[in-house]
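This report covers ring contacts and a metal site. Please have the sequence and the model open while reading.

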Amino acid sequence: MKVAEKQQIVPSYPFEAPPKQGQAVEVAPGILWMRKPLPPPLSHINTWAIADGAGWTAVDTGMQSSETAAGWSEAIAGALKHRPIERVFGTHMHPDHIGMAGWLTRRFECRLWMTRLEYLTCRVLVADTGREAPAEGVEFYRRAGWDDEAIDQYRARFGGFGKAVYQLPDSYRRIVDGERIAIGEHEWTVVVGSGHSPEHASLYCPALRVLISGDQVLPRISSNVSVFPTEPDADPLADWFDSLVHFERTVPDDVLVLPSHNEPFTGLHSRLHSLANGHLRGLDRLRKQLAEPKRVVDLFGALFARNVYADPHLLGMATGECIAHLNYLIARGEAKAERGDDGVDRYRRA
Ligand SMILES: [Zn+2]
């Protein structure tokens, strides 16, 4: 008798509870899952330690704060058994990932391994701290339809990036897409993606069937894909779609995915498809809205369920992501923007 196969529900989460601050859960042989605190709404970032000879390779580090430092110290004395961290991988430049890299590399006199665009972009963004908000930035958000209060918030918050990053090491070890790196007993392959950040590195281990995905594949939330004032005509959503395809071709479906937020999961390929479909549906809703001219701020409802005005950080991400979708349509001849006498852009179908 053939027993009907129960369809696997994806993503599925094989671990019941996340590790507490300072503790670790072994999710695969020699791979420890740890957490570091973050302000809401994310609340945490996952960091990983891979057994590497007599010590560890750390992947991602948490945001710079005394709480994160305390978490690392507790982990080093506890789960990491006082063995040294031999090197630090940064998946990408965002402060929740790279914030404590300089602290760890100095403490253990080890090197930071990162892609070139992530390392250099991080150095540039950190250098903004202490500067006034640039005219190009103010103009960019005014064109999107921000009011004076939101612009004032942007000015007040400008330079915050560097405050969340401990001084980066002044040299690093470059990693590139497709590179194979021995960590402990196994070989890992670097898989680069783009769209969330310029040259994001994930690490895939064929022998262990594990993918450390960083922010490239998250199970319960979608990664922010944004346009920023430094490159207002960028098309990061095209890069993001290409990256989803690259991951599907490079990494098999039956891996355990270790993401930077939420929990380890299985069901990689179906998650890649649902991430792509989420953006495709967003593009469709935008196409409908653009029958009449609209400002960026008029279009949030088509893309986001949340009230993006709830906090200024969210407003910045929503604006960047909305422009990413609009630039995608413009680059394909489906939409165009016209600047009004008030200096604000109106988008409509081409
Ligand atoms: Zn990120």
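## Charges over rings

A charge counts as sitting over a ring if NZ of Lys or CZ of Arg is within 6 Å of the ring centre and within 35 degrees of the ring normal. The model discussed here is predicted.

Lys-36 meets this rule at Trp-72: its charged end sits over the ring, 4.0 Å from the centre. Arg-332 provides another case. It lies over the face of Tyr-328, at 3.7 Å from the ring centre.

## Aromatic pairs

How many aromatic pairs does the structure hold? The count is 11. One of them joins Phe-89 and Trp-113. Their ring centres are 5.4 Å apart and their planes meet at 50°, so this pair is tilted. A tilted pair falls between the stacked limit of 30 degrees and the edge-to-face limit of 60.

Where do the two partners sit in the fold? Phe-89 belongs to strand β5 (residues 85-89), while Trp-113 belongs to strand β6 (residues 111-114). The pair therefore ties together parts that are 24 residues apart in sequence. Both Phe-89 and Trp-113 are buried.

## An aromatic cluster

Tyr-154 and Phe-158 pair with another geometry. Their ring centres lie 6.0 Å apart and their planes stand at 70°, so the pair is edge-to-face. Tyr-154 counts as buried because its relative accessibility is 13%. Phe-158 is buried as well, with a relative accessible area of 16%.

Ring pairs link Tyr-154 and Phe-158 with Phe-140, Tyr-141 and Trp-146 into a cluster.

## The zinc site

Which protein atoms are donors to the zinc ion? They are NE2 of His-92, ND1 of His-94, NE2 of His-196 and OD of Asp-215, lying 2.2 Å from the ion. The angles among the 4 donor atoms run from 90 to 174°, and the site is irregular.

The donor residues follow the spacing H-x1-H-x101-H-x18-D in sequence. His-94 lies in the loop between β5 and α2 (95-98). Asp-215 lies in the loop between β11 (210-214) and α8 (236-250). The pair of His-94 and Asp-215 therefore ties together parts that are 121 residues apart in sequence.

Key: Residues are numbered from 1 along each chain as its sequence is written. This is a predicted model: local features need pLDDT of at least 70, side-chain atom pairs count only at pLDDT 80 or more; totals for chains, interfaces and linings use all residues. Side-chain values use heavy atoms; hydrogens and water are left out. Rings of Phe, Tyr and Trp (its six-membered ring) pair if their centres lie within 6.5 Å; planes under 30 degrees apart count as stacked, over 60 as edge-to-face and the rest as tilted. Helices (H or I, at least four residues) and strands (E, at least two) are DSSP runs, numbered from the N terminus. Buried means under 20% relative accessible area, exposed over 50%, partly exposed in between (1.4 Å probe, protein chains only). Donors are N, O and S atoms within 2.8 Å of the metal (3.2 Å for Na, K and Ca); water is not among the atoms, so sites may look incomplete. Four donors count as tetrahedral if all angles lie between 85 and 135 degrees; four count as square planar and six as octahedral if opposite donors are over 155 degrees apart and all others between 65 and 115; anything else is irregular.
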